[in-house]
Amino acid sequence: METKLLKPNKESIELACKLLQDGEVVGVPTETVYGLAGDSRNGEAIKKIFKAKGRPADNPLIVHISNLDMLKGVVRYVSDDAKKLMEAFWPGPLTIIMPKGNEICNETCAGLDSVGVRMPSNPIAHEIIEKSKVPFSAPSANISGKPSPTNATDVFVDMNGRIPLIIDGGECDAGVESTVISTLTDTPIILRPGVITKEMIENVLGKKVEIAKAVTEGVKKDEKVLSPGMKYKHYAPNADVIILKGSLEKYAKYVNEHKADGTFALCFDDEQQYLDVPAISYGHITSPKEQAHELFTALRELDKQNAKIVYARCPEMTGVSLAVYNRLIRSAGFKIIDLD
Ligand code: TXA
Ligand code: MG
């Protein structure tokens, strides 16, 4: 199949809407990462998404809506907590897990009785949903297991020949996927951290929320998880990534002593000068937002440069950095060396 890569304009948006209405899959920009969109009510459309990504069928998708009226049929009910979160953070990068409504097909939720819903703030995603009137399910637009795409070229690299259309909306703002929170329990649980942080959510709800253990730790084989996405290898470049925890001084010493063919450093900005190996940076040490914005691009760049072993600087585990840490430990397959 030919994959068109088009800038957003009246014709291309109309084409995207028509394809969605016809049960096809379209690559669309959002404020987090690019998504592979298909009609959430149409099982055949959703199967095409799973096929294009090579995604395990037991990993559910997030439903994207453009206004609150669309919630009818998407969810069975909206709890007080969920309502407060929508008022505070929608449109924006927060996915809320709620009881599944009867219009959403089982393929979207991978058979679960709950559904993740978000209202994207990206104007192109918003316009496509609003004009097509299609609530769309959209996982990140990468081949399963690879880093999520934050620009249209990266989507094209993974999806060329697999989907009919990608809308090029430029670089994504956040660079990491939405925060996912379950409101199915009295104490809400963050299943995936993002740029909307635990502290921001607790402020709005006026109570404590939990962070699922799997956010910072590996999941054991056959362990039961709250969110199926936690189980899978993720965000991984071809290279072997190892995280080094400790000061810049200790990091540089370790990397320089372990220099070999194909060794790369994944460091923070301005640290290259201390390293004897090729280095790619992912934002400034003091800017978690920059790190979130640049991490996936940096991981993809390592593949382009044929890196074999990558020693990565370790982000903090608080605020927005927790989202960066969560993605990086998965791309490293949980390999961390503590230098302190
Ligand atoms: O920012 C985002 O959320 C992007 C853009 C495209 O909107 N989408 C995205 O989708 O990251 P995906 O499929 O790559 O990640 C969805 C995550 C998975 O970890 C999945 O397991 C979890 O959300 N999830 C979805 N529905 C769920 C449910 N009903 N219960 C628990 N976890 C769920
Ligand atoms: Mg994904």
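Let me start with Pro-93, which is buried, with a relative accessible area of 15%. Keep in mind that this is a predicted model. Pro-93 sits in the loop between helix 3, residues 80-89, and strand 5, residues 94-99. Which residues does Pro-93 touch, leaving aside neighbours within four places in sequence? They are Glu-31, Thr-32, Arg-118, Ser-178, Thr-179, Val-195 and Ile-196. Now take Ile-337, 244 residues from Pro-93 along the chain. The two C-alpha atoms are separated by 32 Å.

The peptide bond joining Trp-90 and Pro-91 is cis, with omega about -10 degrees.

Next, Gly-23. Gly-23 belongs to the loop between helix 1, residues 10-21, and strand 2, residues 26-28. Is Gly-23 buried or exposed? Its relative accessible area is 4%, so Gly-23 counts as buried, the cut-off being under 20%. Setting aside neighbours within four places in sequence, Gly-23 contacts Asn-42, Ala-45 and Lys-48. Asn-42 is 19 residues from Gly-23 in sequence. In space, C-alpha to C-alpha, Gly-23 and Asn-42 are 6.8 Å apart.

On to helix 8. It covers residues 288-304, which is 17 residues. From first C-alpha to last, helix 8 reaches 24 Å, close to the 24 Å expected at 1.5 Å a residue. Where is the kink in helix 8 centred? On Glu-294, and the kink is about 40 degrees. The buried residues of helix 8 are Gln-291, Ala-292, Leu-295, Phe-296, Ala-298, Leu-299, Arg-300 and Leu-302. What covers them? The cover includes helix 5 (152-159), strands 13 (263-267), 14 (279-281) and 15 (309-313), and helix 9 (321-331). After helix 8 comes Asn-306, with a positive phi near 65 degrees.

That brings us to helix 9. How many of its residues are buried? The count is 11 of 11, so helix 9 is largely enclosed by the rest of the structure. Among the buried residues are Tyr-325, Asn-326, Arg-327 and Arg-330. Gly-333 follows helix 9, and its phi is positive, near 55 degrees.

Phe-334 also has a positive phi, about 70 degrees, although it is not a glycine. Phe-334 lies in the loop between helix 9 and strand 16, residues 336-338. Phe-334 is partly exposed, with a relative accessible area of 35%.

Tyr-235 is another non-glycine with a positive phi, about 55 degrees. Its loop runs between strand 11 (210-211) and strand 12 (240-245). Tyr-235 is buried, with a relative accessible area of 3%.

Last item: the second largest pocket. How much space lies in it? About 210 Å³. Its lining consists of Lys-245, Gly-246, Phe-268, Ile-285, Pro-288, Gln-291, Arg-313, Cys-314, Pro-315, Glu-316, Met-317 and Ser-321. By class, that lining has six nonpolar, three polar and three charged residues. Some of these names have come up already. Gln-291 lines the pocket and is one of the buried residues of helix 8. Ser-321 lines the pocket as well, and Ser-321 is a buried residue of helix 9.

Notes
Residues numbered from 1 in each chain as written. Chains lettered and ligands numbered in written order. Predicted model: local features only at pLDDT ≥ 70, side-chain atom pairs only at ≥ 80, totals over all residues. Heavy atoms only, no water. 1 Å grid on protein atoms, 1.4 Å probe; cavity = no way out; pocket = protein on both sides within 12 Å on 5 of 7 lines; lining within 4 Å. Points joined across faces, edges and corners; volume = space filled by probe spheres on them. Nonpolar A, V, L, I, M, F, W, Y, C, P; charged D, E, K, R; others polar. Helix = DSSP H or I, 4+ residues; strand = E, 2+ residues; numbered from the N terminus. Expected span 1.5 Å × (residues − 1). Bend = angle between axes of the 7 residues up to and from the residue. Buried < 20%, exposed > 50% of the residue type's maximum accessible area, 1.4 Å probe, protein only. Contact = heavy atoms within 4.5 Å.
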